[in-house]
Every structure is written in structure tokens, then in C-alpha cells.
Amino acid sequence: MSDSTHTPETTPGGDPDRPPGGHDRTPGDPVRHTRAKGEPRFPDGPHPDPAGSHFERRIRSFQPRRSRVTAGQADALQRLWPKWGLDIDGRSVDPADMFGNDHPVVLEIGFGMGEATARMAAADPETNILAVDVHTPGQGNLLNLADHGGLSNIRVGNGDAIILLREMLAPDSLDGLRVYFPDPWPKKRHHKRRLIQPEFLTIAASRLKPGAIVHCATDWEPYAEQMLEVLTAHPDFENTHKDGGFAPRPDFRPLTRFEGQGLDKGHVVNDVLFRRVPHHELREDQPPTERPGVG
């Protein structure tokens with residue numbers, strides 16, 4: 001389905017953002033304008049398909065959502081994408097160049113509307129956050145929040161995080177990975193679409209520095225159990241929780257409005273925090289046949 005929004009053509013010299021009938025558009029209203037066929041929605045903003053067909057087709061853990069964009073979000077996309085945006089197109093990137101400093105870099109996959117991301121960035125300005133999503137309104141909203149809050153430690157990525165990890169980032173370039181409330185794909189036949197799988201963790205581990213923290217959270221209990229199971233079994237990670245189970249929500253992860261509403265309804269939110277083990281370190285619980293250099 002196209003993400004374009006069509007309205008009747010305006011009269012010469014008319015305001016394309018002015019709705020029919022001559023009434024002024026109020027702040028927050030969806031942006032509605034007429035553009036020629038094939039014209040990009042945001043000429044200076046995120047590309048609708050940055051990687052194109054340059055990479056193999058595979059089962060994806062996300063579905064792009066091109067819902068309506070408000071005037072403020074569209075303005076942020078146009079003004080700030082060239083400065084703070086990153087189209088995930090397969091070309092290598094250097095986080096130090098991207099942020100203009102050598103501060104620690106955390107990758108956040110799936111940030112929704114960006115409120116929690118902005119709050120974490122404001123609370124820890126010495127940590128850079130590369131936040132990736134495919135939701136256009138959320139991209140614009142996070143850019144807007146970063147702009148208004150003076151949060152220069154946020155960059156917004158558009159596209160497939162797997163391509164970013166595998167093709168664009170160098171080994172040991174990340175100091176952390178956050179995956180908060182990913183799509184749970186609750187139907188059994190869709191479980192293969194879930195992001196947190198052994199193959200994904202292997203790719204992520206190759207880009208995470210030793211000691212980097214992988215932090216996942218979900219309110220879908222079966223998915224939480226899967227997260228805990230696959231991370232526990234993976235040789236490159238160890239549980240930071242001494243009892244080996246779920247961890248209490250850390251203070252640095254804000255309680256979002258969405259999460260609060262779920263808790264009010266009796267939903268259970270589980271956090272898992274695992275640490276990237278040093279390269280070639282032998283974990284005591286790691287079977288000999290799975291240890292580096294053995295077998």
C-alpha cells in the first residue's frame with residue numbers, strides 16, 4: 001500500500017498544506033499535499049527503501065508502517081534528516097564520524113515514537129544512541145524531540161537493523177544493544193519472524209565490544225521466555241542477573257505510557273540483561289564442543 005496521501009489539486013499560488021475549504025491547518029494535523037507520481041515524500045528525508053534489492057530476500061522481523069505524519073514530524077524529517085538521519089543502505093559507517101565524538105554507542109532497535117529514547121539520551125548525554133526503526137512518524141517524532149531537547153547524542157536510522165549490523169558496522173563498534181517491546185509475532189507460524197533468535201545474536205555479538213550489555217524487554221511472556229532461553233544458550237553472552245533469570249527493570253529504562261497502561265491491565269513486563277563475554281573466554285557452563293578452538 002502506498003504511503004502517499006492525496007488531496008485535490010490546489011489552485012495556482014495556493015498553499016498545498018491548506019485543506020480544501022480554505023481553513024488553516026492546525027499544528028499536529030496530518031500533512032496532506034499533492035505530489036507528482038514518483039516524487040519522494042520527503043525529498044531530504046528518509047528513503048522509503050534505502051537498501052533496495054542489493055541484499056538477499058529473507059524473512060523479516062518487521063513490517064514498514066507508513067501512517068500519517070503530522071506537520072511537526074514532517075518538518076523535523078525535512079530539516080534534520082540530513083544532519084541526524086541515516087538511511088540503512090549497506091554502506092559502511094563509522095559511529096565516531098556519525099556522532100562527531102568517541103563516546104560509547106548503543107544501538108536501539110525499534111523505538112516507537114521515541115519518547116523513551118529521548119529520555120534516556122537526556123539522562124545520559126555521554127552515551128550516543130543510534131536508534132533504528134521503519135516507522136516514519138516515529139522517526140520524525142524522535143528527531144523533533146531531539147531537536148527541542150538539544151539531544152545531539154541521538155541519530156535516527158531508517159531501515160533493516162540486520163543490514164546495519166552485518167554490512168555497515170565494524171566489529172567491536174557497539175557498547176550496547178537495546179530491544180524494547182519488539183513485535184511478539186504471537187502466532188506460532190510467525191515465531192520465525194521474531195528478532196531475538198540465535199542467528200541474530202551471533203551477528204550482534206560480532207559488533208558488540210566485550211562487556212557490552214544486551215537489554216531486551218517485552219510484555220509478551222512467551223516471547224520473554226524465548227529471549228531468556230536463546231540468550232542463555234548463546235556462548236557469546238552471560239546473564240547479568242545472579243539468579244540466571246529475568247532482571248528487575250533498571251532505572252535507566254523509562255516506564256513508558258504504553259507500558260504503564262499494560263501494567264494497569266495486569267500485563268507482566270520482563271527485562272533480560274546479558275553481557276557480551278570477552279572474546280574466546282571459556283564459560284564454565286559452555287560445553288567443550290562449543291568452546292572456541294575445540295572440536
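The largest nonpolar core has 38 residues, and those touching the most other members are Leu107, Leu164, Leu177, Ile196 and Phe200. A nonpolar core here is a set of buried Ala, Val, Leu, Ile, Met, Phe, Trp, Tyr and Cys residues joined through side-chain atoms within 4.5 Å; buried means under 20% relative accessible area, with a 1.4 Å probe and protein chains only. Helix H5 (residues 161-168) gives the most to this core, 6 residues. Helices are DSSP runs of H or I with at least four residues, strands are runs of E with at least two, and both are numbered from the N terminus. Another core, of 21 residues, lies apart and includes Leu77, Leu80, Met120 and Leu142.

This is a predicted model, in which local features need pLDDT of at least 70 and side-chain atom pairs count only at pLDDT 80 or more, while totals for chains, interfaces and linings use all residues. Residues are numbered from 1 along each chain as its sequence is written, and side-chain values use heavy atoms, without hydrogens and water.

How is helix H4 placed? Of its 14 residues, 10 are buried, so H4 is largely enclosed by the rest of the structure. Among the buried ones are Pro137, Leu142 and Ala146. The cover over them includes H1, helix H3 (115-123), strand S3 (128-133) and strand S4 (154-158). Just after H4, Gly150 has a positive phi of about 65 degrees.

In the contact between H1 and H4 (heavy atoms within 4.5 Å), residues of H1 including Leu77, Leu80 and Trp84 meet residues of H4 including Pro137, Leu143 and Ala146.

Technical notes
Buried < 20%, exposed > 50% of the residue type's maximum accessible area, 1.4 Å probe, protein only.
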